[in-house]
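Work through these exercises with the sequence and the model side by side. Try each task before reading its solution.

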Amino acid sequence: MSIRYLHLDVFAATRGGGNHLGVVTDATGWSDARMQAFARWTNLVETTFLLPPTQPDASYRVRIFTPHKEIPFAGHPSIGSAHAVLLCGLATPVDGVLWQECAAGVLPIRIEGEGETRQLLLKSPHSPVEKTGRDAHPLLHGALAGIELGTLPPAYVAGGRHWWLAECADEDSLRRWQPDHTAIGALAHATDSLGLCVFARSAHPDYQLVVRAFPAGVGLVEDPASGAANGLIAAYIAHAEPTGPLARGYTVSQGREIGHDASLVVRIDGNTVWIGGRTHTIIDGTLHWNGQD
């Protein structure tokens, strides 16, 4: 049975600059094993599978797989899946919002604009700050070796999954930084976190924050565009600087250090954080999958 399959470029400032996502637009009847086998075959950071919703208030259901396991929630797979739903006409927005059912619950995705300029924004899960300070964990020193810290202290933040966050003193230093990936991996595994996400403020006219994310906890060296991690950074900034210049939102540049060019939009409404951006359809084709379960 043939199924429509999309390969997307999520959070791209320029076409090809974002994060890859594969979307199986109709996984009705697929077993868990078949989804995992296909995600292993695509070998993308995440592949998503669209299904009819099981909750009455949801527009659609999505399951998110890495090559190795299913995960309850992630940022760029959620935004890309919503793009696929709109492109394929699988659900109709209500008052400019789609409601995505995933293992983390039913989450709203806001639609701004139309066509090539359309932006989709996901409401981030509640993100409590659990620890702060460079001494919050003994392995944090090694993970931050070679970088001058900025105004906010390092923090351990939860939001579906845990990340360590740290502010760098300036954009140039962050872009030039050569991190110790072994040390970041040790920190990630010791604290059951995804890894380390470092950010710096910028005076550039097109963006106000630069972000580099190192999700060693799931075996990745550096991520070109991190929706969930940026949601945690936004929540941390809003918590620490509620009247600061970034407290209402900003634009993020990410991925240039590894040959990408991602742009993420952050909106902060009180304690609510929305993360989003544009998605480009790169491949729109037909999937023929007879792989073994």
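**Exercise 1. Overall fold**

Determine what share of the protein chain is buried, and check its overall dimensions.

Solution. Buried residues make up 55% of the 293 residues in the protein chain. Buried means under 20% relative accessible area, exposed over 50%, and partly exposed in between, with a 1.4 Å probe and protein chains only. This is a predicted model: local features need pLDDT of at least 70, side-chain atom pairs count only at pLDDT 80 or more, and totals for chains, interfaces and linings use all residues. Residues are numbered from 1 along each chain as its sequence is written, and side-chain values use heavy atoms, with hydrogens and water left out.

Next, the dimensions. A compact globule with 293 residues would have a radius of gyration near 19 Å; the protein chain has 18 Å, which agrees. That radius is taken over C-alpha atoms, and the globule rule is 2.2 Å times the number of residues to the power 0.38. The C-alpha atoms fill a box of roughly 55 × 40 × 35 Å along the principal axes.

Last, the secondary structure. The protein chain has 6 helices and 17 strands. These are DSSP runs numbered from the N terminus: helices are H or I with at least four residues, strands are E with at least two.

**Exercise 2. Helix α6**

Then the core. The largest nonpolar core has 54 residues, and Leu165, Leu209, Ile233 and Tyr250 have the most contacts inside it. The largest share of this core, 8 residues, comes from α6. Such a core is a set of buried Ala, Val, Leu, Ile, Met, Phe, Trp, Tyr and Cys residues joined through side-chain atoms within 4.5 Å.

Finish with one residue. Leaving aside residues up to four places away in sequence, Ile233 touches Leu165, Cys197, Phe199, Leu209, Val211 and Tyr250. Contact means heavy atoms within 4.5 Å.

**Exercise 3. Phenylalanine 38 and its ring partners**

Describe the aromatic pairs of Phe38 with Phe49 and Trp289.

Solution. The structure holds 10 aromatic pairs. Rings of Phe, Tyr and Trp (its six-membered ring) pair if their centres lie within 6.5 Å; planes under 30 degrees apart count as stacked, over 60 as edge-to-face and the rest as tilted.

Phe38 and Phe49 are edge-to-face, at 6.3 Å centre to centre and 75° between the planes. Phe38 is in helix α1 and Phe49 in strand β3, 11 residues apart. Both Phe38 and Phe49 are buried.

Phe38 and Trp289 are also edge-to-face, at 5.0 Å and 75°. Trp289 lies in the segment after β17 (279-287), so this pair ties together parts that are 251 residues apart in sequence. Trp289 is buried too.

**Exercise 4. Positive phi**

Locate Asn43 and Asp95, and decide whether each is buried or exposed.

Solution. Asn43 sits in the loop between α1 (32-42) and β3 (47-51). Its phi is near 60°. Asn43 is exposed, with a relative accessible area of 57%.

Asp95 sits in the loop between α2 (75-88) and β6 (97-102). Its phi is near 55°. At 76% relative accessibility, Asp95 is exposed.
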